[in-house]
Amino acid sequence: MSRFSSNLSKLVLLLLVLVIYCLESATCNARHRRGRKQEPRQPSIQNSYIFNVLDYGAKGDGTTDDTKAFEATWIEACNDEGSTIMVPPDYGFLVGPIIFSGLHCEENIVFQLDGRIIAPTNPKVWGSSGLLQWLEFSNLNGISIKGKGIIDGQGSVWWENAPLEDQGDDSEQDVYAPRIVLISSTSKRKMPRTRPAALRFYGCSNVVVTGIIIQNSPKAHLKFDNCAAVQVSGITVSSPGDSPNTDGIHLQNSQNVVINSSDIACGDDCISIQTGSSAVFIHHVNCGPGHGFSIGGLGKDKTKACVSNITVQDSTLQNTTTGVRIKTWQGGSGSVQGIMFSNIQVSDVKTPIMIDQFYCDKRKCRNHTAAVAISGVSYQSIKGTYSYKPVHFACSDSVPCTGVSLSAIELNPSPEKKHFYGPYCWETYGELRTNTTPPIDCIQPDKRIPSYDSC
């Protein structure tokens, strides 16, 4: 009996030791788990990976070529959904031409730009003939560029060296603007003929660009080609008013675009809307200097152009060559329809309201009877001062403008100017819904117009 009791006591003691050991092990494991950073299996936007370009070899001293470091950062970041690429403040990164391709990337990548990205001015970087873009994001779904940083195209070296005959396909020198004399430089560091856009998105969807500054682009500052669901807000575009062909924002074949709360100063169209664009909403944008808000040019070289459902409202233009404009070449086909310009304030604008179906980027263009049809254009509450002509409607003889309506138009001559012209209309049909200042009595009542090549 005593032996049994002794063995029982040993067994109880052994069990007690095991229980204490297990409890302590569980506690330690829990503490270990709490103290260790857990790596998520599937990163999300709320719990994302962060990739700093400095960790991939970028120097950020403004002189060292950081292109490869940016490429390496992108390759790592795009493997994880919701990742963030950090371009930190207080650094200047010299980056050459680069494509951030999304062909093998996850979605919802954020490019957090708080530093400065600088374009190289060494002609060798751009090749003998030049490139069409500098920084390009392509084939991405859910790409955001945000922050307080700067994209600096250092365009002055390109503008000075641009050949005299340089005329881009998408931003031609405007016949209504002062002629810009481009200087053909004899410098040994002459830049290539083809000038790049600073920032381009191609084939992207759910795009956000907010907060950043894009300045001194060699050509267009911000381009969207074949994109859908685009939001641009709170950005600043800045280049001199005499910088050639430097569109602020350029849209082509893009749909469902919102541009708002931004300041644009450039040497060409503040916003240029080209063929294939629809459902575009622009509001609270300040433009000037520049060539205003433009649809076109469309139909060049007898091409078909389709633009529809464009709204520009609650915006200002100051010291621009035109205000709100539609421009098409003779000989084109297609249509522009469903356009509204509303609550636009102009100050010292050369021609605030314009439709030009005889657009020509040369001294003389060949006449054609075909034209891009323009219909359903509304001008509401456009007020301010002009320095040349308040309204210019030059429509095609064979394909006249129809459905043009004006209301609450109040345009007065700029007090600093002395020579003005009155409103001009040619083959323009529509209605005046209110009295206008000055009186626009050249609009003809709408008549039955045969349907043209619509889109």
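A disulfide here is a pair of cysteine sulfur atoms within 2.5 Å. This is a predicted model: local features need pLDDT of at least 70, side-chain atom pairs count only at pLDDT 80 or more, and totals for chains, interfaces and linings use all residues. Residues are numbered from 1 along each chain as its sequence is written, and side-chain values use heavy atoms, without hydrogens and water.

**View 1. Cys 270 and Cys 287 form a disulfide.** Their sulfur atoms are 2.0 Å apart. The link is right-handed, with 80° about the S-S bond. Cys 270 is buried (under 20% relative accessible area; exposed is over 50%, partly exposed in between; 1.4 Å probe, protein chains only), at 0%. Cys 287 is buried too, at 3%.

**View 2. A disulfide joins Cys 78 to Cys 105.** The S to S distance is 2.4 Å. This link is left-handed, at -75° about the S-S bond. Both cysteines are buried.

**View 3. Cys 395 is bonded to Cys 401.** Their S to S distance is 2.0 Å. The link is left-handed, with -100° about the S-S bond. Cys 395 is buried at 0% relative accessibility. Cys 401 is buried, also with 0%.

**View 4. Cys 227 is in no disulfide.** The nearest cysteine sulfur, that of Cys 204, is 4.9 Å away. Cys 227 is buried, at 2% relative accessibility.

**View 5. Tyr 379 makes contacts (heavy atoms within 4.5 Å) with residues including Phe 341, Met 354 and Phe 393.** Val 324 and Ile 409 are also among them. Residues up to four places away in sequence are not counted.
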